[in-house]
Amino acid sequence: MLIGLQVVSGLVSASILFLLAAGLSLIFGVCRVLNIAHGAFFMLATYLAYQLPFLFGGDSALTFWLVLLLGPLVLAALGAMVEVTLFRRIYGADILVQLLPTIALIFIFGDVVRFIWGLPSKTVASPEQFTGAISLMGVAFPSYYGFIVVAGAVIAIGLWALVYRTRWGILIRAIAQDREMSASLGINETAIYTGVFAIAVWLAGVAGVLSAPITGAARELDVEAVIDAFVVVVVGGLGSIPGSLLAALLIGMVRSFGILVIPQFAMAFVFGLMALVLILRPTGLLGRKER
Amino acid sequence: MEVTGGRRRIGYAALILLLAFLALLPRLVPLVVVVQATDVLIFVLFSLSLNLLIGYAGMLSLGHAAFFAVGGYATGLLVKYLGTAMPLALVAGPIAAGLAALVIGFFCVRLSHAYFIMLTVAFGQLIYTVIWKWRELTGGDDGLIGIMPAPALVPSSAYYYFVLGVVLAAIVVLHRVGQSPFGRALRAIKDHPRRAEFIGIHVRRYQLGAFVLAGSFAGIAGGLQVFFHRGMFPNAAHWLTSADAFTAVVLGGAGYFAGPIVGATLFKGLAIAVPRVTEYWFFFLGVAILLVALGRPQGLMSLLPRAGGRKP
Amino acid sequence: MTAEILATSKLSRSFGGVRAVNDVSLGVPKGQLRAIIGPNGAGKTTLFNLLTGQLRCDAGRIFFRGADITGRPPHYLCRNGLARTFQINSVFLSATVFENVQLALLAHRGKTWNPLAVARRLMLRETEALLERLGLADEADKLAGTLSYGDRRRLEVALALACEPELLLLDEPTSGMSVSEKPALVQLIQEIVKEKGVTTVLIEHDMDVVFSVSDRITVMHQGAVIAEGTPDEIQANARVQEVYLGEERHA
């Protein structure tokens with residue numbers, strides 16, 4: 001059942017894409033900054049996924065869970081630090097000025113990674129507990145794929161609950177919708193921005209750790225990942241998390257099946273989809289409509 | 001807001017000195033430096049073309065290298081497969097790049113700001129991937145090689161003069177465009193897009209026009225590059241190449257016509273000097289960009305006491 | 001209908017569940033100075049936004065000089081005889097007063113698509129004339145961003161006039177101006193529109209201005225037109241008074 005495998009593959013892609021895009025969307029929707037460096041955080045996470053197991057002394061069954069727990073948290077802490085020292089200074093600035101630190105971060109992270117881990121990319125072992133294959137509805141696929149899809153779904157639900165069912169979620173939605181209003185309501189935006197940024201980077205961190213066994217740890221991932229996130233967000237609508245989910249599923253599937261048709265250039269289908277959306281619904285499938 | 005007479009005379013004198021220096025360069029410095037200067041000139045043109053978008057129209061494109069590469073590859077492919085003579089092949093560069101810009105721009109200008117930036121990056125990478133994967137046509141990452149300039153222009157100093165001539169001509173044209181009604185309209189769009197709409201300017205169309213014009217000039221630079229390096233590789237379309245030009249523009253100052261010229265020269269100078277000290281060029285670059293962003297976002301040209309005249 | 005330069009038919013627009021403009025049908029004859037008044041939130045600016053193509057209509061049609069212009073974009077309208085000023089100053093802050101007006105004149109004549117002419121040498125006399133007429137000649141070389149508020153409002157009007165409009169939509173042209181500055185601008189606007197025969201539709205909160213310059217007044221409330229008539233008729237209208245009770249009886 002080749003189609004079945006492609007569906008699973010598409011879902012795996014979708015999971016990762018969603019995690020990336022949701023974070024990007026959050027930062028843009030709330031902090032109003034386009035974080036081009038988002039892919040660089042993702043890339044860092046893949047290297048953390050490579051390195052952390054050594055700190056935990058090799059491959060016990062626990063290692064993977066520890067990496068999955070700690071890796072994104074470490075990254076989130078880094079993200080918070082970056083937000084406080086850097087991004088805080090550029091909120092509200094000219095969009096050109098806002099772009100610069102994000103570009104700078106990409107360069108800096110790239111060379112820091114190179115300094116620590118060298119030029120060649122690294123392979124990351126699949127987690128012990130997921131090395132086999134499982135079978136569902138007559139389709140056989142690596143169990144790790146199943147885990148990624150489940151993890152993605154769980155986080156999507158958790159994120160939805162956070163944004164739509166908690167007080168904090170109401171606050172960030174208020175800020176995203178109407179900046180002046182929330183300022184006049186006395187909401188402590190500074191702390192919230194840091195929180196949002198940290199969560200967004202955490203999401204990128206999870207994406208990175210989950211991807212690492214599949215993609216390895218490589219410096220080129222920074223640009224690839226952020227472009228993936230861009231495409232999802234353009235199709236789904238910037239600032240819309242449901243949009244990111246819908247678009248991630250769509251693109252994951254298109255990419256997966258595209259590989260069946262033109263293995264060399266599945267990207268063409270994704271861009272075709274994006275072009276279509278741009279013509280029919282420029283602000284994205286679920287984006288906020290202008291006019 | 002005219003520059004005073006005295007300052008203007010100094011400005012002209014400096015310009016004449018600079019031109020004289022450039023004209024005499026091959027006699028003043030070793031050949032290696034002449035080759036580097038050629039490289040700088042091409043990069044200056046590329047950066048100036050980008051500033052038509054950033055500085056004038058306020059369109060932040062991070063995928064401009066796509067047009068540089070399309071121009072270069074178009075020129076190179078004509079030479080390689082059709083044996084086209086150099087002048088004709090060079091003309092094809094901006095035409096191909098302009099067409100690519102028309103198609104890509106059509107999609108990108110439909111949206112603004114963050115979306116626009118994202119799309120330019122995405123399309124830039126699309127072009128890179130197409131060039132890289134289409135091995136049969138472009139040679140993939142083995143590159144398009146063996147593209148020789150016309151025999152008279154093979155010597156380094158001869159090619160240098162050729163590039164100098166083309167780039168100076170392009171600078172004159174770009175400067176004129178900046179002063180033109182079209183240039184003013186672009187600046188108005190950057191300043192207040194809604195008001196521009198309400199004095200009768202079809203904003204989308206003008207933005208597309210700027211995109212195509214900028215892409216075409218990048219295509220000229222690409223054509224010059226392919227003969228300069230005797231070939232081209234996919235990395236000419238890579239995001240990093242776009243980021244280089246973007247950095248050059250910002251370093252020098254997007255708000256000044258000469259900004260990209262200063263920025264591009266400085267950038268190339270650093271690109272030669274820094275690797276002698278450390279292999280971590282990108283770290284250095286990142287820190288430099290941060291310093292500019294946090295310290296002097298208007299760029300280096302803003303340090304001069306309005307000697308360059310008002311904003312472009 | 002044919003003598004009307006502007007006509008709308010059942011124009012409607014909603015935001016969320018709220019009807020900002022509700023079934024508005026009006027007609028403005030050529031040469032008239034019409035004021036649109038109403039409490040805040042009555043839908044006046046939204047109406048303008050619909051007329052100028054900035055917002056899409058949910059329903060209804062708009063006719064200008066007899067032709068259906070519903071859905072036409074702003075830049076098209078401005079090249080074809082319709083101009084607008086904004087309540088919040090919309091001028092090009094980074095350019096000088098002269099350049100602002102010059103560009104508007106160039107754009108109107110379709111000369112801005114030219115990438116090779118030297119802009120600063122074009123339309124000099126026309127620009128000077130317009131600046132002179134609006135009392136801005138002395139400020140010509142100042143950056144628009146450094147102008148006094150009152151002068152910026154004048155520049156706003158100048159930009160609209162540069163489009164040689166047959167229909168001029170003024171959205172609170174004197175808003176924010178001091179009591180001493182207002183009469184001069186109001187008088188100037190009145191003179192110019194009479195001079196050039198420009199039909200003018202004016203949103204205004206200052207009732208003294210409204211009653212002194214308007215030929216006819218349309219009153220809006222909660223998106224709908226509730227009254228229309230001469231200044232005397234409107235002043236005497238009970239419904240209008242009811243709506244305005246406690247609101248704009250002052251300058």
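Helices (H or I, at least four residues) and strands (E, at least two) are DSSP runs, numbered from the N terminus. Welcome to a predicted model, in which local features need pLDDT of at least 70, side-chain atom pairs count only at pLDDT 80 or more, and totals for chains, interfaces and linings use all residues. Residues are numbered from 1 along each chain as its sequence is written, while chains are lettered from A and ligands numbered from 1 in the order in which they are written.

**View 1. Ile5(C) in strand β1 of chain C.** Start with Ile5(C), which lies in β1(C), a strand of residues 4-15. Ile5(C) is buried because 22 other C-beta atoms lie within 10 Å; a residue counts as buried at 20 or more such atoms, exposed at 12 or fewer and partly exposed in between, with C-beta atoms placed from the backbone.

**View 2. Strand β9 of chain C and its partners.** Of the 6 residues in β9(C) (residues 216-221), 5 are buried. Strands pair if DSSP finds at least two bridges between them. With β3(C) (residues 33-37), β9(C) forms a parallel pair over 4 bridges, and in β9(C) Ile217(C) stands opposite Ala35(C). With β10(C) (residues 224-229), β9(C) runs antiparallel, joined by 5 bridges; here Val219(C) stands opposite Ala227(C). The hairpin of β9(C) and β10(C) has 2 residues between the strands, and Gln222(C) takes a positive phi near 50°.

**View 3. Helix α8 of chain B under cover.** Because 10 of the 11 residues of α8(B) (residues 181-191) are buried, this helix is largely enclosed by the rest of the structure. Among the buried ones are Phe182(B), Leu186(B) and Ile189(B). Their cover includes α2, α7, α9 and α10 of chain B together with α3 of chain C.

**View 4. Where chain B touches chain C.** Here 21 residues of chain B are in contact with 31 residues of chain C. On the chain B side, α7, α8 and α9 each give two or more residues, and α8(B) has the largest share, with 6 residues. This side divides into 10 nonpolar, 5 polar and 6 charged residues. Ala, Val, Leu, Ile, Met, Phe, Trp, Tyr, Cys and Pro count as nonpolar, Asp, Glu, Lys and Arg as charged, and the others, Gly among them, as polar.

Notes. Contact = placed C-beta atoms within 7 Å.
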